[in-house]
Amino acid sequence: MGNVFVCEHPLIQHKLTYIRDKQTNTKDFRELVDEVATLMAYELTRDVPLETVEVQTPVGPAEGRLISGRMLGLVPILRAGLGMTDGILKLIPAAKVGHIGLYRDPATLQPVEYYLNLPTDAASRMLIVIDPMLATGGSANAALAALKQRGCKQLKLMCLIAAPEGIAAVQQAHPEVDIHVAAVDERLNEHGYIVPGLGDAGDRMYGTN
């Protein structure tokens with residue numbers, strides 16, 4: 001069973017409080033999400049494997065450690081996931097980026113994939129699926145399933161805020177995937193919004209309704 005990691009670092013929790021605040025304007029909201037994504041990426045990559053190498057310092061040889069194997073890949077779920085991507089790239093600039101677009105079918109209410117573009121070597125990378133909100137889990141599950149169908153096996157999920165219902169849904173469908181969040185909230189309301197949450201992340205990020 002994949003683990004749920006709540007990033008409780010004081011800086012993350014401090015910035016998340018301003019992200020939640022409905023008085024935070026669009027510019028500040030985007031900047032705060034970007035900053036929290038950077039901090040969360042630091043926590044998420046804690047278990048990335050290392051290999052030992054030798055380098056020459058100006059004084060003499062030294063043993064050091066570098067990330068082993070291929071670098072990471074990022075797969076934001078359009079559109080809100082884009083708002084966290086640059087923050088992660090600040091910390092991991094060599095990461096490759098794919099994109100997945102999903103919409104909810106009005107008849108079935110199920111997520112439908114309308115766009116997928118991945119790095120050519122995606123299957124050999126550890127991929128971080130990015131979406132600010134893990135509400136029902138429908139979009140996250142669809143994205144993870146789409147990546148698995150393309151041969152991707154090393155998967156993690158990064159979200160700002162999750163509802164218990166969304167976590168349970170992902171753990172049932174993809175039990176091996178670790179979930180990294182900044183907060184687990186109370187519940188979903190009758191409209192599928194996380195309570196207390198932060199509203200619609202995409203609308204607040206881009207100033208739309």
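Visitor: In which hand, left-handed or right-handed, does H4 pass H5 in their crossing?

Guide: This is a predicted model, in which local features need pLDDT of at least 70, side-chain atom pairs count only at pLDDT 80 or more, and totals for chains, interfaces and linings use all residues. Residues are numbered from 1 along each chain as its sequence is written, and side-chain values use heavy atoms, with hydrogens and water left out. A crossing is left-handed if the near helix is turned anticlockwise from the far one by less than a right angle, and right-handed if clockwise. By that rule, the crossing in which H4 passes H5 is right-handed.

Visitor: How are H4 and H5 directed, roughly parallel or roughly antiparallel?

Guide: Helices (H or I, at least four residues) and strands (E, at least two) are DSSP runs, numbered from the N terminus. The axes of H4 (residues 138-149) and H5 (residues 164-173) come within 9 Å and cross at roughly 20 degrees; axes are lines fitted to C-alpha atoms, for helices over the stretch in contact, and angles run from 0 to 180 degrees between N-to-C directions. Angles under 35 degrees count as roughly parallel, over 145 as roughly antiparallel, 65 to 115 as roughly perpendicular and the rest as oblique. Therefore H4 and H5 are roughly parallel.

Visitor: Which residues of H5 does H4 meet?

Guide: Contact means heavy atoms within 4.5 Å. From H4, the residues taking part are Ala140, Asn141, Leu144 and Lys148, and they meet, in H5, Ala169, Val170 and Ala173.

Visitor: How is H1 directed relative to H2?

Guide: The axes of H1 (residues 10-20) and H2 (residues 26-44) come within 9 Å and cross at roughly 155 degrees. For this reason H1, relative to H2, is roughly antiparallel.

Visitor: What is the hand of the crossing of H1 and H2?

Guide: The rule for the hand compares the near helix with the far one. Applied to H1 and H2, the rule gives a crossing that is left-handed.

Visitor: Which kind of pair do the rings of tyrosine 103 and tyrosine 114 form?

Guide: Rings of Phe, Tyr and Trp (its six-membered ring) pair if their centres lie within 6.5 Å; planes under 30 degrees apart count as stacked, over 60 as edge-to-face and the rest as tilted. By this rule there is one aromatic pair. The ring centres of tyrosine 103 and tyrosine 114 are 6.3 Å apart and the planes stand at 40 degrees, so the pair is tilted.

Visitor: Where is arginine 79 found?

Guide: A cis peptide bond, with omega about 5 degrees, joins leucine 78 and arginine 79. Arginine 79 is in the loop between strand E4 (73-78) and helix H3 (82-91).
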